[in-house]
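User: Hi! I'm new to this structure and would like a friendly tour. Could you walk me through it?

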Amino acid sequence: MNDIPISKPHANKALASSTGAFTICFAVWTIFSIIGLQIQQELQLSDAQFGLLAGTPILSGSISRVFLGSWADRYGGRKIFAGVMVCAALATFLMSLANSYVLLLLGALGVGLAGGAFSVGVSFVSAFYPPERQGTALGIFGAGNVGAAVTKLLAPMVMIALGWKGVAQIWAAALLVAALLFLLLTSEDPKSRERREKGKSQERGTDIAILKNPQVWRFSLYYFFVFGAFVALTLWLPHYLVDVYGLDIVTAGILAACYSIPASLFRIYGGYLSDRVGARAVLYATFAISVVCTFLLSYPPTDYVITGTRGAIRFHTEMALIPFVVVMFVLGFVMSLGKAAVFKHIPVYYPNHVGAVSGVVGMVGGLGGFVLPFAFGILADLTGIWTSCFALLFVLVTTALVWMHFAIRAMERGSVDAATAPELPELHGFGEPGLTPAAARTVTLVDWRPEDPDFWQATGRPIARRNLWVSTYCLLLSFAVWMVWSVVVSRLPTIGFAFTTSQLFWLAAIPGISGAIFRIFYAFLVPIFGGRLWTTLSTATLLIPAFGIGYAVQNPQTPFLIFLALALLCGFGGGNFASSVANISYFFPKAEKGNALAINSGLGNLGVSVMQALVPLVVTMGLFGVLGGGPQVAADGTAIWMQNAGFVWVPPILIGMAAAWFGMNDIASAKASFADQATIFGRRHTWVMCWLYTGTFGTFIGMSAGFPLLAKLVFPEVDALKLAFLGPLVGALSRAGSGWIADRVGGAKVTFWVFVCQALTTGGMIWFLNGHDFWGFFATVLLLFLISGVGNSSTFQMVPAIMRWEVDRAMPQADDETRLHQSERESAAVTGFISAIAAFGAFYIPKAYGSSIDATGGAVPALIAFLVFFVSCAAVTWYAYSGPYGILGDRALRDRSSNPRQERTA
């Protein structure tokens, strides 16, 4: 950066004038997205010919960015910017006089100069700002992309009144006026003024040398998607909306603006985020969310026919107009963040060649805007499938995400200190020769010592607590989606679904099976992927069942098989618990680990209660208006919006994804392969704790899933659904509030008395069930939830101490630090794994109730089996842990206290 002082008013005036001018340039550059439709009708053009015409100005604008950017570096951005606008205005006016396809193509080449103004503006604007503010400044300038929305909103109305030639002439006049205003309101940029005053000029060969750097071309590949696909969709969407959804051109232009407006204006926020949290984090979020959006958009309208036992089962899937517009809005938003993230790097790495480098990067991105519309047209002609354009984008962004992730991981493994690596460390050859880029804003905690009191008080605790609360919020949503069937299933018969009682119990129980199975795998994924990335991805998967439920319940003809698949997908929420507790266990010292896990798990469990209280309320109202669809009519004539049971979770899930990505951290020392963690399977106490945790958490989650349907069948005269949320609420709050008891008294002692009380409470449930006393039965159910919540926190508190004892016994020759890290790694894996096994309670308890009722007409036999199980858990706890010869008993602790080395690891 030059040393000439820059006044803030001059900088802001240059930024505002440049942004306004670029907005008009972009409006002219994308003019064919609207006028091309009328031209296609007049000249009877094919889709491929239309794609070529719309893409020609994109091609010429992209190529011109290279030499225009280089000229801006050499001769000054102000005069080049104004000259480009004047030339593009003349070309646009002359094009309006064309009367053949060939002449229109020639005119479109000149119109493309308006797009070349981008690289000139980047060079001009960045010269007015220091590096720490260039991301935001260039984000504001890049928001001139909103010119595409200006064309979509205004051009259709002008075209209806004056025809496409009138649009071209008015847009040309506006661009000429913009050029004159730009010259009047701006002054020479500081770098050009410095070179002029010192009589220096930039050597021509340096631009070519810089462009040999592979980093430049890797930046270009990122920009090919975030900008190239943006331009392509800006041109293609009106055509798509007219032909696929049968809209008129005015409506299509307005709805297409729902994509181009967020894809432009939020670029400002993308620049701010790149300055604040780092461009790599922004690019990860952009690519990951784009993968989900393009996958949903790429699925074509499909009719399914399944041969069932009672004949053919038919159903149809397609994305309606309103969901299409919503998904396009989301896609536009994240792509705008990615555009800013890519250009954040250029003035930092190439301060003396901003125009040249931005010209090449912009050229490749612009070429995407040329190649992709042409490819869209060819794919539509060849396949006859309109959604093929989004399938192409899905392949493109998936490739970019996978390549970026594995390249970053490979570079980090080869780096001595990941914390000092610059942004996007996969890009070798950082910047200009002799330039040392600033260190990345890393979210990986390289130095993490929670057991060090000084470090914990000064640094560790605030970071750990932030990660805890974000994780807890995401876990609450996971439990809500996991258990949503416990409310939905009980209402399906009232809105026309003719499922049998056995099918309903299966739907209530299946999420428990899938959630438990997912937990087995999720328990080991945090050390492999990192807690931040995995929390973001696992939270994002909740969108699949949330949307799926919302669509499936609106049609009573939806087959049971679809509901069964959605019930399995709800298990994503159950699987998230294992990774959540495994991740949080790394952040806290042993003295606070029990309470932290209690808060994370307990308030996460609260999601069940929140769901059971919220869903019955939101299904009574049209919460999302036309976006959510119409109501279903119950047998008694009541209007029910059952789709809200799924849709209501979508906004909170999106918030959770953003919070996890931008608010959480990874811990470098927590990284481990599956083989490193697999040692827990050889520890006998892993399997003992699986049995015990099934007695506590299995009871909580199984009763949460099974009680609503059980109460409705055994006590049909009572509307128990209104009370169902109280049990999970009591259990979640008791878990969150009782962790300190286990930390103070000892987890093993608390767990033993929990099982004794559970056995006695189950006896009370049998007593009141035989007497057909609902309120007595309900009171004992609440007591069982309360006790199981205490047991959930106390069993987790036991795990770190048990694994330190196991590691000390298995690795006596290792030093203290090695054994400490190994025990922490195994504790996290065990915590996740036992939660996976215990989650099967969400299946076996509802299924046990159903089987007991089918076989005997009542639930008492199932409760007797549960009572015997609780007695066995109490016996195992006393013998292995809390009794006089247990490894966590008073005698064992006194013996270890005499050995300081063993005490530190026990």
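Analyst: Happy to! A salt bridge is a side-chain nitrogen of Lys or Arg within 4 Å of a carboxyl oxygen of Asp or Glu. This is a predicted model, where local features need pLDDT of at least 70, side-chain atom pairs count only at pLDDT 80 or more, and totals for chains, interfaces and linings use all residues. Residues are numbered from 1 along each chain as its sequence is written, and side-chain values use heavy atoms, leaving out hydrogens and water.

User: How far apart are N and O in the salt bridge of R449 and D447?

Analyst: Side chains of opposite charge can pair when their charged atoms come close. Here the side chains of R449 and D447 meet in a salt bridge, with an N to O distance of 2.8 Å.

User: Which residue forms a salt bridge with R449, with the closest N and O atoms 2.6 Å apart?

Analyst: R449 has a relative accessible area of 36%, so R449 is partly exposed; that class lies between buried (under 20%) and exposed (over 50%), using a 1.4 Å probe and protein chains only. The partner at 2.6 Å is D452.

User: Is R461 buried or partly exposed?

Analyst: R461 forms a salt bridge with E592, their closest N and O atoms being 2.4 Å apart. The pair links distant parts of the chain, 131 residues apart. E592 is partly exposed at 23%. R461 has a relative accessible area of 18%, so R461 is buried.

How values were computed
Helices (H or I, at least four residues) and strands (E, at least two) are DSSP runs, numbered from the N terminus.
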